[in-house]
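Hello,

Here is the structure you will be working with.

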Amino acid sequence: NDDVHFGRLYVEGNKKWTTTLSTKAWVEFLPNFTESDDYRLNAEPSASVMLSEIFSLKLAYLMKYRGNPPAGVEDLDTVY
C-alpha cells in the first residue's frame, strides 16, 4: 500500500514596521500518520521593502526539513 497520510499545522506572523518595510514568518509542521518518523517541517522568514509604487524587493530564506528522507537525500533543503 503506497498511501501516505499527513496532517498540517501552520502558523504565520506579519509585522509592518513602516510604510515601506514589512516582515513575515511562517512555520508549517506536517506529521505523517502513516510513518511517524517521516514528518516534514517547513519555515520561511522574509522581509519586503517597497522601492516605489511599482517595484518592491523581497528577501526570504526557505527551510524544508524531512524527518526520514530516502537514502542519498539530504534531510534539510534551504533556498534564498
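Below is what was found, taken strand by strand and then at the surface. Please keep in mind that this is a predicted model.

Strands S1 and S2. Strand S1 covers residues 9-16, and strand S2 covers residues 21-30. The two are joined by a hairpin of four residues. They pair in the antiparallel sense, with eight bridges between them. How many of the eight residues of S1 are buried? The number is zero, so S1 lies largely in the open.

Ser-46. This residue is found in strand S3, which runs over residues 40-50. Is Ser-46 buried or exposed? Its relative accessible area is 10%, and buried means under 20%, so Ser-46 counts as buried. Leaving aside residues up to four places away in sequence, Ser-46 touches Ser-22, Thr-23, Lys-24, Lys-58, Leu-59 and Ala-60.

Phe-55 and the surface patch. Phe-55 sits in the loop between strand S3 and strand S4, the latter being residues 56-60. With a relative accessible area of 56%, Phe-55 is exposed, because the cut-off for that word is over 50%. Phe-55 also belongs to a nonpolar patch on the surface, together with Trp-17, Leu-21, Val-49, Leu-51, Ile-54 and Leu-57. The accessible area of these residues together is about 770 Å².

Regards

Methods
Residues numbered from 1 in each chain as written. Predicted model: local features only at pLDDT ≥ 70, side-chain atom pairs only at ≥ 80, totals over all residues. Heavy atoms only, no water. Patch = residues over 30% accessible without salt bridge, like charges linked within 9 Å, V, L, I, M, F, W, Y side chains within 5 Å. Areas by Shrake-Rupley, 256 points an atom, 1.4 Å probe, with all protein chains shown as cover. Salt bridge = Lys/Arg side-chain N within 4 Å of Asp/Glu carboxyl O. Buried < 20%, exposed > 50% of the residue type's maximum accessible area, 1.4 Å probe, protein only. Contact = heavy atoms within 4.5 Å. Pairing = 2+ DSSP bridges.
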